[in-house]
Amino acid sequence: MPLQHFVVITGPAGSGKSTLAGALGSWISAKQFMPVGYVNLDPGAEDLPYEPDVNVRKYVKLEEVMRRERLGPNGALIRSAELLLNFMDALFDELSRLKQPYVIVDTPGQMELFLFRDFGLAFTERLKELGHVTGVLVLDPTLSHRPQDLLVLRLLSLVVQLRFGVDVVPVVNKSDLLQGVKQVAEGLLDCSALREQLKTVPGVLGDLSERILSTLEDFRVATRVPVVSAVTGEGLEQLYDILHEIFCACGDLT
Ligand SMILES: Nc1nc2c(ncn2[C@@H]2O[C@H](COP(=O)(O)OP(=O)(O)O)[C@@H](O)[C@H]2O)c(=O)[nH]1
Ligand SMILES: [Mg+2]
């Protein structure tokens with residue numbers, strides 16, 4: 001069987017991970033004529049904008065954990081991540097039966113649950129045994145759009161990359177809501193434009209920001225950042241192209 005491509009969508013709560021998972025999957029099926037598999041790892045996601053082929057809620061449901069263990073939402077989320085570790089074999093039994101060439105993995109609403117708890121790391125490590133794994137880090141630009149925030153996006157994707165040992169594509173979502181999209185997009189797509197914008201950051205932090213950007217460039221970490229809308233579909237082709245390039249570069253497309 002050809003190598004499968006797993007795309008793991010991470011990002012802060014409300015950035016649009018689930019919406020993007022559905023939109024990117026629909027785009028790939030419609031435009032690339034490829035069947036797409038969907039995996040939901042969020043034990044609290046009752047309504048999803050896609051039909052999951054594998055769903056952790058079959059094993060752990062947030063609302064049941066809250067009720068059974070008398071926990072609030074935050075405690076129950078942490079407990080759910082612990083409980084999910086017990087179902088790893090069952091989960092991977094299901095995952096290993098997926099045949100679609102592209103499988104999109106939607107992660108829990110609260111990013112730190114996937115990023116810092118054992119479940120996220122154990123899951124990703126095991127997923128690498130099934131196919132090629134690429135991360136996507138989604139950011140909501142309506143909450144962060146200053147030049148230094150763009151650097152934060154790049155650094156956050158580096159954190160995900162370091163934690164999981166996979167390539168990570170930073171993505172700016174909700175472009176349909178962006179007023180000053182042009183300036184933001186320029187800073188995202190072009191490092192020299194971002195460097196210019198970072199000159200407006202005062203003092204030591206400005207110098208530090210520029211130094212960080214240079215280091216990222218030296219190590220070729222500062223990749224293109226697609227600006228997309230999971231609602232209108234804008235930019236999804238560019239995101240797919242970047243993902244596909246990474247997949248091809250991993251050298252096994254047979
Ligand atoms: N306008 C707009 N809203 C979006 C977009 N993507 C997601 N949303 C909205 O943002 C909110 C959070 O999205 P969701 O996918 O649940 O975020 P998640 O917590 O990261 O999975 C929902 O109300 C979505 O409808 C987008 O591209 N444009
Ligand atoms: Mg979600």
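This report walks through a predicted model of a protein chain with a ligand.

## Ground rules

Residues are numbered from 1 along each chain as its sequence is written, while chains are lettered from A and ligands numbered from 1 in the order in which they are written. Since the model is predicted, local features need pLDDT of at least 70 and side-chain atom pairs count only at pLDDT 80 or more, but totals for chains, interfaces and linings use all residues.

## The overall picture

The protein chain has eleven helices and six strands; these are DSSP runs numbered from the N terminus, with helices being H or I of at least four residues and strands E of at least two. Its C-alpha trace spans about 50 × 45 × 30 Å along the principal axes. For 254 residues, a compact globule would have a radius of gyration near 18 Å, and the protein chain agrees, at 18 Å. That radius is taken over C-alpha atoms, and the globule rule is 2.2 Å times the number of residues to the power 0.38.

Buried residues account for 41% of the 254. Buried means 20 or more other C-beta atoms within 10 Å of a residue's own, exposed means 12 or fewer, and partly exposed is in between, with C-beta atoms placed from the backbone.

## Around the ligand

Ligand 1 is surrounded by 16 residues, and the closest are Gly16, Lys17, Ser18, Thr19 and Ala230. To be near, a residue needs its C-beta atom, placed from the backbone, within 6 Å of the molecule. The shell has four nonpolar, nine polar and three charged residues. Here Ala, Val, Leu, Ile, Met, Phe, Trp, Tyr, Cys and Pro count as nonpolar, Asp, Glu, Lys and Arg as charged, and the others, Gly among them, as polar.

## A buried leucine

Leu113 lies in helix H5, residues 111-116. Leu113 has 23 other C-beta atoms within 10 Å, so it is buried. Leaving aside residues up to four places away in sequence, Leu113 touches Leu77, Ala81 and Pro108; a contact means C-beta atoms, placed from the backbone, within 7 Å.

## Two loop residues

Phe33 isn't a glycine, yet has a positive phi of about 50°. Phe33 sits in the loop between helix H1 (17-32) and strand S2 (36-40), and is exposed, with 7 other C-beta atoms within 10 Å.

Arg70 also has a positive phi of about 50° without being a glycine. You'll find Arg70 in the loop between helix H2 (62-69) and helix H3 (73-84). With 9 C-beta neighbours inside 10 Å, Arg70 counts as exposed.

Terms used
Two residues are in contact if their C-beta atoms, placed from the backbone, lie within 7 Å.
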